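Subject: Structure handover

Hello,

I am passing on the structure we talked about, with notes on what turned up in it. Please have the file open while you read.

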Amino acid sequence: MGELKLMKGNEALAEAAIRAGADAYFGYPITPQSEVIEYLMSEKPYERTGMVVLQAESEVAAINMIYGAAGAGKRVITSSSSPGISLKQEGISYISGAELPCVYANVVRGGPGLGTIQPSQADYFQSVKGGGHGDYKQIVLAPASVQEMSDFVKLGFELAFKYRIAVLILSDGVIGQMMEKVELFDQMPRLTDEEIYEKFPWATTGKKKGTERRIITSLDLDSHKMEEHNHHLQRKYKTIMENEVRSEAIHCDDAEYIFVAYGSSARIAQKAVDMARAKGIKAGLIRLITLFPFPEKQLQAFCKQGVKGFLAVEMSAGQMVEDVRLSVAGCAKVQHYGRFGGIIHSPEEVLRAMEQQIIGG
Amino acid sequence: MITFEDIVKPENLVYEKTSLMTDKALSYCPGCGHGTAHRIIMEVIEELGLEENTIGVAPVGCSVLAYEFMNIDMTQAAHGRAPAVATGIKRTWPDKIVFTYQGDGDLAAIGTAETIHACNRGEKFVIIFVNNGIYGMTGGQMAPTTLPGMKSSTSPYGRDIETMGNPLKITELVAQLPGTYFVTRQAVHTPAAVRKAKKAIKKAFENQRDDKHGLSFVEIVSNCNSGWKMTPTDSNKWMEENMFPYYPMGDIKVDGKLVK
Ligand SMILES: Cc1ncc(C[n+]2csc(CCOP(=O)(O)OP(=O)(O)O)c2C)c(N)n1
Ligand code: SF4
């Protein structure tokens, strides 16, 4: 059993970055995730593992530091919250085009604009539909506990390097700020220079005599080659859709009505399931862990099983619900319920919405 | 009669193309200073024996394709972001030699924040800053360095300093920051200028190799004959007469001390 600690979600993420053998964190403070860089600065990971921690002049600079270091084969991570994530989008697009591995977290707050510092899930579209320019995808992991804030850093790096892709840990102000018990995984070693030369033949590490030089770029002025590169990216995304879907079904075996939720909304919906079951309603929850790839097939299987309706519960005006509708393609009723702008829905509200919009509606 | 074979012999060799330039034909307009600047940087890296350890960063501008010509490991960066990209590389690979190659729009407009903060943190890499007073790549729009009264496609009646501001002397500005160790302004339009510029670039890379405290910043005032709508010869003359008075040649800071 790993070391047990009581930690904030943001701190667990920061500690996990050190333990996952990250080479560097580059970031810029913003509520509700400033604890990530604060924790790292006070932990002195450069003494523990040699990991670099640097406060950049902006989120734009931070993501470009990530781009540079990732292109040179390093294991790098950044984090921010909604307005800062908007600033990072140019960099994410370049990272996606150049196929660089990295992990970054968005501890989402309410928007649009400066919005509020309270929790929200209104950055779903930005996360899964491509917040920057061009046809690209990133793997999106949605933690619903402090434990997962830690675990998904490790998983995120595994996936990022397996597919040379950006992995987004899409958290929210609740998960980032709350304290829970977390079992920390053991310290993993950072890769040595030699391991980097050997493992990443694409990384810019200095051209050795008699070897091909390495170039990190997302540019090709020949549109035929650029189309081929795009096909290559799309094939990669398809492989990810086939192999990396993760979700958790709770009380779904005999369910007639299913809540679809991720992150803190999934915790609230789980409470609503218990309340519904106590009332004799056959309710279940599918908690989405990967938002891209989206658990389409899992939702379709519920249709075959005879589920009568789905309620998408999210702290937004209705974003993920669109993907639920696309997945089940009219086989059952799909509705959305959610508070937004920084307000968190209660289990009672969520259950009432299921009763009124799906069961009774 | 002396034949070709008589001349082409190793003992007659006076100049050789550096192996750190590829054989790909340069995409720059004939007469443009970018090609010369590329060549002397690569010669310096070769002469110092640093090629196996060097990573270059070229952001958007006419030189975005520098990686096609510079025969070393290169990272292409977004417009203005090269100093941040280089920071990411240098901080995680402190033993590598890292440099950026940036235009004036890139370094002094969209990337001002990244430039100033990399200089201020004293990042231990080299910035090569090619100032041609215009946006070459996008077709000759006004740059932060465009001279007062100078015409460009977005200042067709000449740069009006009342509404468009004065040209930004960013090199003098970064020289004020304790984080810069060596700041100099050079040109590459004559053989004498090329020799001086190469010496300055060499010093910049030596500073980094020797792990000196701070960033080495080399501005190269250059022409953009296409953007300025002049012949290459006229553009060099115009540059001497108009750019040099505003952007005077020479060292501004040496070994961490202001000399101007
Ligand atoms: C975010 C962004 N904005 C604008 C552009 C378009 N753009 C490409 S190069 C350039 C200006 C380049 O000028 P400079 O840096 O002076 O280099 P030069 O081409 O003169 O060598 C601009 C505006 C871009 N590629 N990206
Ligand atoms: S447009 Fe100007 S800077 Fe660009 S290659 Fe041509 S002359 Fe050089």
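Across all chains, the count of salt bridges comes to 38. Keep in mind that this is a predicted model.

One of the salt bridges joins Arg190(A) to Asp23(A), with the closest N and O atoms 2.7 Å apart. Arg190(A) sits in the loop between strand E8 (179-184) and helix H9 (193-199) of chain A, while Asp23(A) sits in the loop between helix H1 (9-19) and strand E2 (24-27) of chain A, so the pair ties together parts that are 167 residues apart in sequence. Arg190(A) is partly exposed, at 24% relative accessible area, whereas Asp23(A) is buried, at 2%.

In chain B, Lys202(B) and Glu47(B) form a salt bridge through their side chains, at 3.0 Å from N to O. Lys202(B) belongs to helix H9 (residues 191-209) and Glu47(B) to helix H2 of chain B, so this pair links parts that are 155 residues apart in sequence. Lys202(B) is partly exposed, with a relative accessible area of 25%, and Glu47(B) is partly exposed at 45%.

Arg185(B) and Glu219(B) make another salt bridge, at 3.1 Å from N to O. Arg185(B) is in strand E7 and Glu219(B) in strand E8 of chain B, so parts that are 34 residues apart in sequence are tied together. Both Arg185(B) and Glu219(B) are buried. There is also a network in which salt bridges with shared partners join Glu3(A), Glu15(A), Arg19(A), Glu43(A) and Arg48(A).

Next, the sheet. Nine strands form an open sheet with mixed pairing, in the order E9(A)-E2(B)-E1(B)-E3(B)-E4(B)-E8(B)-E7(B)-E9(B)-E10(B). Strand E9 (215-216) of chain A and strand E10 (257-258) of chain B are at the edges; each has a single partner strand, so one side of each is left without a neighbour in the sheet. Strands E1 (residues 54-58) and E3 (residues 97-103) of chain B pair in the parallel sense over four bridges, and Ile55(B) stands opposite Val98(B) in E3(B).

Helix H2 (residues 34-47) of chain B packs on this sheet, and its direction makes about 170 degrees with that of E3(B). Helix H6 (residues 112-120) of chain B packs on the sheet too, with its direction at about 140 degrees to that of E8(B).

Finally, Thr92(B) lies in helix H4 (residues 82-92) of chain B. Thr92(B) is buried, at 7% relative accessibility, and touches residues of chain A, including Asp23(A), Phe26(A) and Lys74(A).

Regards

Definitions and conventions: Residues numbered from 1 in each chain as written. Chains lettered and ligands numbered in written order. Predicted model: local features only at pLDDT ≥ 70, side-chain atom pairs only at ≥ 80, totals over all residues. Heavy atoms only, no water. Helix = DSSP H or I, 4+ residues; strand = E, 2+ residues; numbered from the N terminus. Buried < 20%, exposed > 50% of the residue type's maximum accessible area, 1.4 Å probe, protein only. Contact = heavy atoms within 4.5 Å. Pairing = 2+ DSSP bridges. Axes fitted to C-alpha atoms, helices over the stretch in contact; angles between N-to-C directions. Salt bridge = Lys/Arg side-chain N within 4 Å of Asp/Glu carboxyl O. Lists of a residue's contacts leave out its neighbours within four places in sequence.
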